[in-house]
Amino acid sequence: AQTRRLLGSAMATTIRKIAVGALALASLLDVRCCASEANALDPAILAKLEELKAKFEHLKADRASALKSVREQGAGQEHLLQDHLARLEASSGRSLHSAATMTAADDGIAWNTGNEIANAAAIADLQAGFAMVEAGACRSRNVQNILMKNIFDVCVGTSCWWAVGWTLAYGVGSGENHGFANDEQYFGTEFTQVDSNGKFTMSGDLMLNWFFQWAFCSASATIVSGGVAERVKFPGYLIFTICMTSWIYPVVAHWTWGYGWLSGGDTYQVNGVGFMDFAGSGIVHMCGGVAALVGAAVVGPRKGRFRTDESFDPHSLPLVVLGTFILWFGWYGFNCGSTLSMASSAKGTMAALVAMNTTLSGATAGLAVLMLRRWTSGKFDVGGMCSGILAGLVSITAGCGNVECGSAVLIGFIGALVYSACSSAVLRLCIDDPLDAFAVHGACGAWGVIAAALFDFGTGINFFNGFSGWDCVGGAPNCTAYAWSQALTANVLEVFCIAGWSAGWSLFLFLPLRVAGLLRAPDEIQDTGMDHAKHSPTGAYSM
């Protein structure tokens, strides 16, 4: 900046002098022209011309000297700046780079990192949507208790994911990847390295991956909250949430996204192609939805749910609608963010495909449920439409990156039918699931996994695209033969194995808690409300 100011001042002075000289030269030329016409020059005029010529040459010399001085001062300032930067680097231990030294690779890494952090933040925002939907769908006397459990899921889930969850799911570290679960990087160890001089370096993109995958773990745990709402004790819910985020979900994540046995290509994996679950219809939603069904069955229905005429309708449809829109927005981070990179045009167009499919499926399912409820009851059901939207979003989550937009519409429509059928079946079994957590997340999650294989891009029933996106498994023109049947086999196994794993461990946890009296709230507390009995202030609303 100082160099620019010096240069501007010197140039302004020089320009003024040149202007004066130019005017003088013009006058000389005019005098010489007039004298030529008179065919004579007065000696006094010739002397004046020579004097003005000398002054003009002097002005040119001044200009050259001024420019040289400015260049020398600018070079000196640049040298001082480089010395200052060097001292900062030496004192702070950090490298300071100017924009001119940033490489294309640096720009790409910075862009991908920022993109994934933004997507993970959008996924974390799902927690606000879950909280609003659950609070609005239940009775007003339990709102505060419901909100506390949702916040609790995030906080405790974070600690458990840091301590052991990441380890089981993705913690390879210096060891080998295993088929069932991993055992490295407890409590974030090996995420950074330090040399003998005390200089720290980060091990690849582990911290970025930890943050992104943490958001999925928290979402899976929160799904269970809706199935046991309004009658579960806090100690029992605490124990289950710890186990869910430390053991049940991390192992499922490793089987699949952690390149465990349901992946494809290695000797310890299911087959050469493996599963296809782009963003977690089965891994996240079905895992949480099945656990919610088991929890709802074991804890039992809310007092009077199937025996009295007491109203159990949502106390605030505005909250339900608001939560639905928040969830729909966060779903774009959930699905589009699962591209994991924006390093190429193919990745960018894949994210666009994912966004389009996600939108179409959710909207189609919402409309389908609304029309179905209108046909069966003769009235419009806004709450049912919101559940239909979520059912469509869950249904497309597995296949959003490997199906065409027309298939996304059909997947959403069938997802609406699956949701409606399962919701009715759960009610006929007298299982009290206040938010239809199993119908939305469990049943539609299973459908989404199967649909991801059935509607894949791959040509016919031979080739398969899956995680390869725009290209076939094996790469054209060497597409892997019979890849579709291998992928379908892996996805069917995914549904049964995740459902069995989640149901088995949930039953193992919920049953002893119920017997020990740590799970179900007493009837008198349910009558007065969890807020009045357990919270301060005694109600969520002041009116």
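Of the 543 residues in the protein chain, 46% count as buried. The model is a predicted one, and its secondary structure comprises 16 helices and two strands. Among contacts with a separation of 6 or more, 74% join residues 24 or more positions apart. The accessible surface of the chain amounts to about 25800 Å², with 65% of this area belonging to carbon and sulfur atoms.

Although 228 residues separate Leu262 from Ala490 in sequence, their C-alpha atoms are 6.5 Å apart in space. Beyond its neighbours within four places in sequence, Leu262 contacts Ala490, Leu493 and Glu494, as well as Trp255, Thr256, Val270, Gly274 and Phe275.

Turning to the open spaces, the largest pocket has a volume of about 1200 Å³. Its lining counts 46 residues, of which Trp257, Tyr259, Ser338, Thr339 and Leu340 are the closest to the centre. Helix H6 gives the most to this lining, with five residues, while helices H3, H5 and H10 are also among those supplying at least two each. By type, the lining splits into 22 nonpolar, 21 polar and three charged residues.

The second largest pocket has a volume of about 950 Å³. Pro314, Ser387, Tyr419, Pro434 and Asp436 are the closest to its centre among 41 lining residues. Elements giving two or more residues here include H6 and H10. This lining holds 21 nonpolar, 11 polar and nine charged residues.

How values were computed: Residues are numbered from 1 along each chain as its sequence is written. This is a predicted model: local features need pLDDT of at least 70, side-chain atom pairs count only at pLDDT 80 or more; totals for chains, interfaces and linings use all residues. Side-chain values use heavy atoms; hydrogens and water are left out. Helices (H or I, at least four residues) and strands (E, at least two) are DSSP runs, numbered from the N terminus. Buried means under 20% relative accessible area, exposed over 50%, partly exposed in between (1.4 Å probe, protein chains only). Contact means heavy atoms within 4.5 Å. Accessible areas come from the Shrake-Rupley method with a 1.4 Å probe; for residues, only the protein chains shown count as cover. On a 1 Å grid over the protein atoms alone, a cavity is a set of points where a 1.4 Å probe fits but cannot get out, and a pocket is an open set with protein on both sides within 12 Å along at least five of seven lines; lining residues have an atom within 4 Å of a point. Grid points are joined across faces, edges and corners, and a volume is the space filled by probe spheres set on the points. Ala, Val, Leu, Ile, Met, Phe, Trp, Tyr, Cys and Pro count as nonpolar, Asp, Glu, Lys and Arg as charged, and the others, Gly among them, as polar.
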